[in-house]
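Please open the structure in a viewer and keep the selection panel at hand. The stops below may be followed in order.

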Amino acid sequence: MNQPHNDKVLFKLDVKIAFNSIRRDTVLQEAQKHLSEIYPFIWDSYSLKTSIFHGNFSLDSATGVQQGDPLNPALFTLAIHEVTSKIKADLNIWYLDDGCIGGDPQTMLTNATMIRESLSSIGLEITNSKSKLLLINHTDINKPQTSKLYQDQFPSLSIPDPIHWQLLGSPLHLESAPLHLKAKIKVFHSITENLELIEPHQAFFILKNCLSIPKLISVA
């Protein structure tokens, strides 16, 4: 497909249950290279399976980094660094398991397939339905061509209108800010209404510590 030079895309990748799925041998290998001072502690934490209990039921935890571990973000980032550093793009930004690459449509598709294959080798999977493709400077003729190019490789990929474009929870167009703010307020109303269903002290604690500006700009 012949693409005009000014046609660009942003491809936002969603990694499926990433922190629970990353291969621990990869985590340990990268930790040994980059965190040698505390590697014995990391080895002791992740070299063996651990058991998770619920009543009489137990499950072996053999993959991923543990939720609540302060080293969790650093270990995960180190484990995917080799993949993300191979990307050749005008834009290549990652916040833990949320990635965004941008540039020429064909080049970004090549990058995206490389990322998918490389992540698969370390236990991770891209969720097509939660990933998004943003089409920039495309004509009405080129939009369907680029859309098909990506959806052939990533079925059920979402291609939102510009009014819905956002990155890490923030709108990318000034005119779309009211729409995003309205959606956030709707979530706030739902949460505050549900606070009436729990014990007052617990509700106050959640209201005081959780429902604030960080929640408003949360990527979730």
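This is a predicted model: local features need pLDDT of at least 70, side-chain atom pairs count only at pLDDT 80 or more; totals for chains, interfaces and linings use all residues.

**The core.** Begin by selecting Phe11, Ile22, Ile115, Leu119, Leu124 and Tyr150, the residues with the most contacts inside the largest nonpolar core, which has 35 residues. Elements that give two or more residues to this core include strand 1 (8-14), helix 2 (24-34) and helix 4 (72-84). Helix 5 supplies the largest share, six residues. Next, centre the view on leucine 124: beyond its neighbours within four places in sequence, its contacts are Val15, Ala18, Ser21, Ile22, Phe76, Ile80 and Leu119.

**The surface patch.** Select Ile52, Phe57 and Leu59, which make a nonpolar surface patch of about 310 Å². Phenylalanine 57 belongs to strand 3 (residues 57-61) and, with a relative accessibility of 53%, counts as exposed.

- Select lysine 8 and aspartate 90, whose closest N and O atoms are 3.4 Å apart. Because lysine 8 lies in strand 1 and aspartate 90 in the loop between helix 4 and strand 4 (91-95), this pair ties together parts 82 residues apart in sequence. Aspartate 90 is exposed at 62% relative accessibility, whereas lysine 8 is partly exposed at 24%.
- Move to helix 2, where glutamate 30 and lysine 33 are three residues apart, about one helical turn. Their side chains form a salt bridge (3.2 Å, N to O). Glutamate 30 is buried at 6% relative accessibility, while lysine 33 is exposed at 53%.
- Finish in helix 6 (residues 142-153) with lysine 148 and aspartate 152, four residues apart. The closest N and O atoms of this salt bridge are 2.9 Å apart, and lysine 148 is exposed at 52% relative accessibility.

Methods: Residues are numbered from 1 along each chain as its sequence is written. Side-chain values use heavy atoms; hydrogens and water are left out. A nonpolar core is a set of buried Ala, Val, Leu, Ile, Met, Phe, Trp, Tyr and Cys residues joined through side-chain atoms within 4.5 Å. Buried means under 20% relative accessible area, exposed over 50%, partly exposed in between (1.4 Å probe, protein chains only). Contact means heavy atoms within 4.5 Å. Patches are made of residues with over 30% relative accessible area and no salt bridge: like charges are joined within 9 Å, nonpolar side chains (Val, Leu, Ile, Met, Phe, Trp, Tyr) within 5 Å. Accessible areas come from the Shrake-Rupley method with a 1.4 Å probe; for residues, only the protein chains shown count as cover. A salt bridge is a side-chain nitrogen of Lys or Arg within 4 Å of a carboxyl oxygen of Asp or Glu.
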